[in-house]
Amino acid sequence: MTSDIQISSKPLNIQSAIDWVMSPESGGIDVFIGTVRNSTKGKPVIRLEFEAYEPMAIAEMEKIVKQASDKWPVQKALIHHRIGVLEVGEIPVIIAVSAAHRAAAFDACRYIIDTLKQTVPIWKKEVFEDGEVWVAAHP
Amino acid sequence: MKIKILAFGVAKDILGGTSVNLELINDATVYNLQYLLEQQYPRLKQLSSYMVAVNNEYALPGDSLHERDEIAIIPPVSGG
């Protein structure tokens, strides 16, 4: 299994992510693309601001990819996460996984995004017209 | 010993910057650090939870700290 894990302050490129995981041995690619939604609980969101503890975030994402490849026969796995200011419709994260058969690609892709959201030290702040809030910080 | 603590996300707002320096007893544990931080920055206790990372790994309360460790406060993560 090979992986490509990056944190970037530049816009993410969906096509190059897909191209990177594609291989002659693969029978399927599963891609998750996170996008900035225009509202939270009915309240309009102006933009999101992401920050990362970069060395630890990279280390945690490497662990997740390793766990996924221990669980499923994954061929290539890619995680690209953006940081900085993102407007509605922009892409904070791309996960792409290739495998010989689709089940492994679907399962591994879902595991990677679900676990990323629980363990990787990256934070987002939602900016509203009348204020801002760090997501999940308070009960 | 003197240690430097990195802060991210909401912890940066609570600590008033991207890092703070603290004086701790030698061989202090993560638990000792959290106790001291919560005395100085009571708003930490209002968070849903927070973790301490030592040298880029999540640490447990009983883990001991050393002067040159890279220590960070990790408030609830929200990437993706």
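Is A:E60 buried or exposed? With a relative accessible area of 5%, A:E60 is buried (buried means under 20% relative accessible area, exposed over 50%, partly exposed in between, using a 1.4 Å probe and protein chains only). This residue sits in helix α2 of chain A, helices being DSSP runs of H or I with at least four residues and strands runs of E with at least two, numbered from the N terminus. Setting aside neighbours within four places in sequence, A:E60 is in contact (heavy atoms within 4.5 Å) with A:T119, A:V120, A:P121, B:N56 and B:Y58.

A word on the model: it is predicted, with local features needing pLDDT of at least 70 and side-chain atom pairs counting only at pLDDT 80 or more, while totals for chains, interfaces and linings use all residues. Residues are numbered from 1 along each chain as its sequence is written, chains are lettered from A and ligands numbered from 1 in the order in which they are written, and side-chain values use heavy atoms, leaving out hydrogens and water.

Now for the rings. Over all chains there are 3 aromatic pairs; rings of Phe, Tyr and Trp (its six-membered ring) pair if their centres lie within 6.5 Å, and planes under 30 degrees apart count as stacked, over 60 as edge-to-face and the rest as tilted. Here are two of them:

| Pair | Centre to centre | Between planes | Type |
|---|---|---|---|
| A:Y53 and B:F8 | 4.6 Å | 25° | stacked |
| A:W123 and B:F8 | 5.2 Å | 5° | stacked |

A:Y53 lies in the loop between β5 and α2 of chain A, and B:F8 in the loop between β1 and α1 of chain B, so their pair joins two chains. A:W123 comes from strand β9 of chain A, so its pair with B:F8 joins two chains as well. A:Y53, A:W123 and B:F8 make up one aromatic cluster. As for burial, A:Y53 is at 2% relative accessibility, B:F8 at 12% and A:W123 at 1%, and each counts as buried.

On to charges. The structure has 11 salt bridges over all chains, each a side-chain nitrogen of Lys or Arg within 4 Å of a carboxyl oxygen of Asp or Glu. In one of them, A:E49 meets A:R47 at 3.1 Å, N to O. In another, A:E49 meets A:K125 at 3.8 Å.
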